[in-house]
Amino acid sequence: MLEVKNVSYYYKSQRDNLVLNEIAYRFEKAKMYAVLGTSGSGKTTLLSLLAGLDVPVKGNICVQGEDIGKKGLCYHRKHNISLVFQNYNLIDYLTPVENVLLGGKVDARALLAQMGIEGDASVRNVMQLSGGQQQRVAIARALASQAPILLADEPTGNLDERIAKEITELFKSLAHEQEKCVIVVTHSKDLANEADVILQIKDGKLV
Amino acid sequence: MNLFQLSVRCLYRKRVRSILLFLIVFVAAIFIYSGWACQSASVQTQNSSRQSVGASFRLEANASFRHKQIDALSTELDKKVGENMPGNLGGYYREQLESGEWMIWTDNSFETLKRSDIEKIAQTEGLCAYNITTANTVVNPVNFTRIEDKDRDQTSDQQGVSLRGSRDMAYDFDVQKGNIIVKEGRMVAAGDENVCVVSRELAEQNKLQLGDKLEFNDWKERDDSAVYSAKVIGIYDSIQKITPITEGDSYRAENIIFTDLSFPEKAQGCENNPLYQTATFWVEDVDDYEAVKQALVKTEIDWEQYDLLDNSGMSDTMAENFSGLKSMSLMLLCLVFVSSIFILLFVFLFWIKNRICEIGILLSVGRRKLDIILQMLTEGMIVSAAAFMLATCAAPYVAGVTADYLVGNQMELAREKEEAQKGMVSISEDSGEDEIVGVTVSIAGDVIAATAVSVMGIIVVSIGLSSLSIAIQKPKNILSKM
């Protein structure tokens, strides 16, 4: 599904210090992956490359065998992946329904209802929702694009234990029931333990 | 959700920001309107000496033709008598003074309007009357004393009085304007000879009565020149003092004596060599004004030597574009353009900084940077359109006020300059004074279009420049700032 081929990355100001060093890996659909690593190990950089928010200095990233740069990174972000961030990242002047519609043309209310956000909560300003509700809206927006790959950066980082568990279950079900390829970058051992595959970045290598 | 839907929601739900932008664009649009409107404004000036009552045309000598003639006669005289040699030709004189300097002057025959041309014009169908007026001619008062201000410096004055000859005094422009009224006796009429009308002040000082004879001669040869007398047939009262054209009392309002047309030349010692300065022609029916004008200019005379001034009498003015207003409004436009772009640039930069999270989200869901910039442009355009519409309603008033201010400012500067130069430069005879009587500013289609394009341009440039910060950054860098 999503293949990383000998990808290397360094920051322009630190050319000698490879953040990612010849990483090669193939992510499959219907599986949930957890990427672990210490701070600064390159987890978020890998996620950015997978999301097409940046380009590797060496190597390729392919979806269904095709380089993501071929059709353009905007196309890749729109059709192949969906992103969930630690800080929820919702547009503050839109309602939950409208935020979900940014992801794609779907029945936003139904999708939000699946996430447990119904009634008045779905049309009020997103800033008036709790952290857990905001993260659910963000996930609903990610699902609205109907992209086969879901990338999440510390999705439970700002949530309490109960909500974090619910979100983790949600990711698992997306992988197993909707056959999505879910890749979660996290520090959380609990979340990682729920994943089908745990990967660790160490010294720029994926192990 | 398309970018228009997002733009509308953003503007509606971020009202404070939208209102701020609206106010900035509104103020900018108002000033731009004022600038463009002033570019095409016309200023009604009123020349106090040229204004006359009734529809009329005024014939004067053309100044540039005069200079051309002087050059031509000078060249011809060089050929005739040799370069740097004294001589005269066609009323042009060249003489070397004892000091070695050259003096050049012209006589009446060179300066006068041709009577034959005036009479040809007077034949034009549709004219009901005409008048010829001589230049104010300084002569020496022989048997009376002039009005004099003892405190005034008279060293450069000719120590005389002024004679103004008229074919028909009733058509003199000071009589027509109501500056003077003859309350005793009568005015000079066509066909009169050796008659005059004096001021009340002059009459009282010299105890003059109707029928008395005043004597005059050439002020340059007071003791030797021939003396001419004119009978006093009227005494006039000044309602509005005639503005003297130079310092000294020779041209003082009370010392102006109205005479028949040929008297000034005699008293000046130039009999049969008159100096007709202006001729005025009156239109019988005001409604035929344009038709008479068309017919009049077809008169077969050498028009190159004349200016025909379009005095439309009661309609008070000759409208002309005021170049000072044009340049000041251009400056205003440039100032508003530059300052608006700068202010809006900073507003949009601040706007983008506060919207970095939104931009990152939109990039992460696959929106192109161009779409995001277009969304901001759409927001800018929507607000600008509303501000522009309100500005269009307010523009006629604000543009009028601005134009008045600019013209007033310009006139104030001119007055200050005139004050500073007072006594340093000579004032042409009978120049009159241009007075601003109104500024017409109209918000026509071209002004609206120019303002719309300008406002749009300012928005596009400021959003374009501020958007460079998005365009040059990688999506990852934008997201890292969230």
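Student: In what order do the strands of the open sheet in chain B lie?
Tutor: This is a predicted model, where local features need pLDDT of at least 70, side-chain atom pairs count only at pLDDT 80 or more, and totals for chains, interfaces and linings use all residues. Residues are numbered from 1 along each chain as its sequence is written, while chains are lettered from A and ligands numbered from 1 in the order in which they are written. Strands (E, at least two residues) and helices (H or I, at least four) are DSSP runs numbered from the N terminus, and two strands pair if DSSP finds at least two bridges between them. With 3 strands in antiparallel pairing, the order is β3-β4-β5 of chain B.

Student: Which strands of chain B are the edge strands of that sheet?
Tutor: Look for strands that pair on one side only. In chain B these are β3 (87–89) and β5 (102–106).

Student: What angle does helix α3 of chain B make with β3(B)?
Tutor: Start with the strands: 3 bridges join β3(B) to the antiparallel β4 (residues 92–96), and B:Asn88 stands opposite B:Tyr93. Helix α3 (residues 63–81) of chain B packs on the sheet and touches β3 and β4 of that chain, a contact meaning C-beta atoms, placed from the backbone, within 7 Å. Axes are lines fitted to C-alpha atoms, for helices over the stretch in contact, and angles run from 0 to 180 degrees between N-to-C directions. For α3(B) and β3(B) the angle is about 130°.

Student: Which element gives the largest share of the side of chain B that touches chain A?
Tutor: Here 18 residues of chain B are in contact with 17 residues of chain A. Elements giving two or more residues to that side of chain B are α1 (3–13), α11 (356–364) and α14 (475–480). The largest share, 5 residues, comes from α11(B).

Student: Let's turn to chain A. How many residues of its helix α1 are buried?
Tutor: A residue is buried if 20 or more other C-beta atoms, placed from the backbone, lie within 10 Å of its own, exposed if 12 or fewer, and partly exposed in between. Helix α1 (residues 43–51) of chain A has A:Lys43, A:Thr45 and A:Leu50 among its buried residues, and A:Gly52 just after it takes a positive phi of about 75°. The count for α1(A) is 9 of 9.

Student: Why is strand β7 of chain A largely enclosed by the rest of the structure?
Tutor: A:Ile149, A:Leu151 and A:Asp153 point one way from β7(A), A:Leu150 and A:Ala152 the other, and all are buried. β7(A) pairs in the parallel sense with β6 (residues 81–84) over 4 bridges, and 5 bridges join β7(A) to the parallel β8 (residues 181–185). The strand (residues 149–153) is largely enclosed because its buried residues number 5 of 5.

Student: At what angle do α3 and α5 of chain A cross?
Tutor: In α3(A), residues including A:Pro96 and A:Val100 meet residues of α5(A), among them A:Val137 and A:Ala140. The residues of this contact divide into 7 nonpolar, 2 polar and 1 charged, where Ala, Val, Leu, Ile, Met, Phe, Trp, Tyr, Cys and Pro count as nonpolar, Asp, Glu, Lys and Arg as charged, and the others, Gly among them, as polar. The axes of α3 (residues 96–103) and α5 (residues 131–144) of chain A come within 6 Å and cross at roughly 35°.

Key. Two residues are in contact if their C-beta atoms, placed from the backbone, lie within 7 Å.
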